[in-house]
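Here are some notes for your first look at this structure. Please keep the sequence and the 3D view open while you read.

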Amino acid sequence: PPETRSAARARTRSGPAPVTDVAKLCVCDLLVAQCDVNCCCDPDCSAADFSLFTTCSVPIVTGDSHLCSQKAAIYSLDVEANPPERIFKLIDQVNPSVFCIAATNYKQALSFSSPEMPTPENFDQLLEQFRSASFSAEPDSWPMNTDAQSSSDANETFRYEYGVPIQTADAFLRLPSPVVSSWCSDANPAGFLVNQATKCTRSVSVEKCGNIQAASMLFYINSSILAVSTVNITVQSIVVQSLNGMRTSLNGSDVLRLPMILDELCINIVLGVSYHITYTDTGEIIEAAASFVLGAINKEALSIQQSFEISFTQVNTKPVPLSGNPGYVVGLPLRAGFRPQGYPSPVEILFAALVLNTNKYSQLTILQSTSNQDCLAAQGARTPVLFGYNMISGCKLRITAAMKCQPLTQTLLDLLKGQNFPEYVASFGNSQAQDVLDWVPITHLHTSEQRIYNTFQSSCQIPVSLEIEVKWTKYGSLVNPQARIVNVTATITTTTAKQLPSGRERTIPITSSVVFTDISAPAEPGYKAWPTINFKLPFDFFFPFV
Amino acid sequence: NNSYQLSSLPLQLLFYVNGIYYIFYFVATLAMIIYKSQVFSYPDDFLAPDLALLFIMAILEVLRLYLGSMGNLTEEEAPLGLSLVITVGSVILSVYFLVWQTYVLKADVIINAVLLFTYGLESVLKVIAIAAFVS
C-alpha cells in the first residue's frame, strides 16, 4: 500500500532520534537482549544478575556538565546487603562554578546535530557542499589541465615516447580494433612505436553507402598528426579488391575515392588500412603514409571485416625488426649475422623492407621436426630460435649400405645447421650491425659420442646432434633487468658409422636442440659510504693561549 | 536645608556608582564572551550580534550618564528626560543579555540583575528630580 511505502521512505530519510533522557541512556549496554557484565544501567539485567556484579562500570550518567543544573542518574551497588543489589538514583546535579550555563538560546550548542539525509531533491546541493577531490564528478576538468600543460611546453609534448598515443588535431590517431566482441571500436589510439595489427567487423549496407563514415577513405586521412610541425597523412597506395577477392593495384594513388553506388554495388569501401609512420631518433614524427585496400559490397552484405595495421620506421634506416630494446624479450627471435669476406664489421642479410618478423635469413634457426620424421625428406623446414624458449627437434636417418661417408656427413651438417648458419649473434635485442662489440661470435665445438678412442680414425664420423647453448645474463638495473647474450656455443656430436653389410640398413636419430642458460650473477647491493664526521676545530679556537 | 537646591544628591551619587560599575560590567561581559567563544561552539552569526549589542549598550550608557548628570546638576528637566528615555533602551539591552544571549552563564545573570536593579533605582530618582525641577 502506498501509505506504508511513503512512511517507510520518510523513516529511512531521517536518522534515529537522539536519546536525551539520562534515565534511559546506557553506554555499557552493548549486547542486545542480554545482560552485560558489571553494567548497572542495563535494562536487560534482572535483580539476580545485579547480585553477581562486583562494581558498576558506569557509575553516573549525566547531561552536559557545563549546565548549571542537570539531571543525573547514579548507579551504585550496595555490597552490604545480602544479596547485593543495585541502587538507582535520579538527582539534579548542580554545577557550583559561576561560569556554568544558566540558559542557552542556541539549539545546537549542547548536542550533535543530525546530518541531513540525502533525498533526490537536495542531493545536488549536498554534493556541491561536501564534494571534495574524491567525489569530483567533472571529467571536463581533466582535458583542460592537459591542454594547459601542452601549451606551456609545446615543443616537448610533440616528441613522442614509446607507447604515448599519437595526437592529431582533434583527438588521437585511431586504429579501430575489436573490443569485447568483434565489432570495431574507433576509440583505440595508436601508440608511438607500438606496431599493431587488428581486424574487426563493421556493419555496412548498400543503402547507407555514402553515410558510413568509417568505410570511407576520408575518415582515415583527414586528421593531421600533431608533431613538431603538423604532418598530413598521405595516401601511399590503393589496392582495389573485387567481389571475388582479386586485388589490383591502382596507379593514381593521390585521388581520394569515396564510397559511391555503382550498378547496385557500393564501391570504394575501405577494407584495410596500413599506416606507415616515419620518425627520427629524437621522437619526432616526420612523415605518415597510409595504404588502402578498397572493396565493394553487394545488397546481401550486412558487415565487412576491416583490417588495420600500423608500423614505425626510423628515418634513414632500413627497418630491421628488433628482438628487444635493449635486452632480448622472451619469445622474440635471436638476431644473428655473419661477417662477409672483406668487410670489417658484421652485416645482416636484410629481407624486403617493410615486412616484419619474417626475416628468415638473419635469424638463428634449427631443424624443425616434421610429421614423417625422415631427415632426408625434411626439405629444409627450419624454425627460428626464440629467446628463452628451449627447443629440441629431431628426425630419423635411415642409413643404407650404399651411402658414402663424406656426402652423408655433408648432408647431415646442412640439415643440422641449415643453409646460412650465422657466425655472430647479437648480444642485445637492438644491436646495430655497425657495432662490432655488440655481437657475440658463435663458438663451435666438436665432440664424439664414443668415449673410447678408436684407433681406427679413418672410420666415418657422422654428426648426429647439434646442441646450441646460449648463455645469457641479466644486465642493468635491478628493477628492470635486460637480457643480454654472453656466449653462444654450438656443439656437434659425431658418432662412428660403421660400414654396413650390403642390404642392411640402420636408423639413427638426429637431434638438434637449443638451451638457454641464465648465468646472471646475483645482484650486489651498493651501499653508500658511511658518513664521516668531519670535525676540525677552527684555526684560532684557542686564541689567547696559542 | 536645601530648598534653593533642586539637584538630587542621591541621584548624582548613583550616577557615579553606575559609571564605575558599568566599566566593570563591560569588561566582564566582553571577557565572558571571549571565554564562551573558546570553550563552546559559538558560530560567527551568533557572536556578531552579541558583540555589536554590547558596544551599542556602552555608547548608550555613556550618553545616558552624561545627560543625566548634566541635567541633574543644571537642574534642567530636558536632558534628564532624555536620559530617562535612553534608560529604557539600556534596560531592554540588559534584559537581552540576561535572557536572550546565545549563552547565559550564571555570572551573566548576576551582573545583569545588579545592573537592572541600578537602572530601576535611577529611574525612580530621575522621575522625582524631574518632578522637583518642573514644579
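**Notes on a predicted model**

1. A:Val98, A:Phe99, B:Tyr35, B:Val39, B:Ile110 and B:Val114 make a nonpolar surface patch of about 460 Å². Bear in mind that this model is predicted.

2. Which elements of chain B supply the patch? Helices α1 (9–39) and α4 (106–134) of chain B each give at least two residues to the nonpolar patch. B:Val114 sits in helix α4 of chain B. Its relative accessible area is 37%, so B:Val114 counts as partly exposed. The patch takes in residues with over 30% relative accessible area.

3. Next, the sheet in chain A. Seven strands build an open sheet with mixed pairing, in the order β15-β19-β20-β22-β21-β23-β18. At the edges are β15 (336–337) and β18 (391–400) of chain A, each pairing on one side only.

4. Look inside this sheet at one pair. Strands β21 (residues 460–475) and β22 (residues 482–497) of chain A run antiparallel, joined by 15 bridges. Which residue is the bridge partner of A:Glu469 in β22(A)? The partner is A:Thr489.

5. A helix covers part of the view here. Helix α7 (residues 405–417) of chain A packs on the sheet. Helix α7 of chain A touches β18, β20 (439–448), β21, β22 and β23 (505–518) of chain A. The direction of α7 makes about 25 degrees with that of β21(A).

6. Now the backbone. Most peptide bonds are trans, and most residues other than glycine have a negative phi. The exceptions below deserve a look.

7. Two cis bonds come up. A:Asn82 and A:Pro83 are joined by a cis peptide bond, with omega about 5 degrees. A:Pro83 lies in the loop between β2 (69–78) and β3 (85–94) of chain A. The bond from A:Asn325 to A:Pro326 is also cis, its omega near -5 degrees. A:Pro326 is placed in the loop between β14 (303–314) and β15 of chain A.

8. Then phi. A:Glu264 is not a glycine, yet its phi is positive, about 65 degrees. A:Glu264 belongs to the loop between β11 (260–262) and β12 (265–279) of chain A. Is A:Glu264 buried or exposed? With a relative accessible area of 55%, A:Glu264 is exposed.

9. A:Asn268 also has a positive phi of about 65 degrees without being a glycine. A:Asn268 is in strand β12 of chain A. A:Asn268 has a relative accessible area of 9%, so this residue is buried; the cut-off for buried is under 20%.

How values were computed. Residues are numbered from 1 along each chain as its sequence is written. Chains are lettered from A and ligands numbered from 1 in the order in which they are written. This is a predicted model: local features need pLDDT of at least 70, side-chain atom pairs count only at pLDDT 80 or more; totals for chains, interfaces and linings use all residues. Side-chain values use heavy atoms; hydrogens and water are left out. Patches are made of residues with over 30% relative accessible area and no salt bridge: like charges are joined within 9 Å, nonpolar side chains (Val, Leu, Ile, Met, Phe, Trp, Tyr) within 5 Å. Accessible areas come from the Shrake-Rupley method with a 1.4 Å probe; for residues, only the protein chains shown count as cover. A salt bridge is a side-chain nitrogen of Lys or Arg within 4 Å of a carboxyl oxygen of Asp or Glu. Helices (H or I, at least four residues) and strands (E, at least two) are DSSP runs, numbered from the N terminus. Buried means under 20% relative accessible area, exposed over 50%, partly exposed in between (1.4 Å probe, protein chains only). Two strands pair if DSSP finds at least two bridges between them. Contact means heavy atoms within 4.5 Å. Axes are lines fitted to C-alpha atoms, for helices over the stretch in contact, and angles run from 0 to 180 degrees between N-to-C directions.
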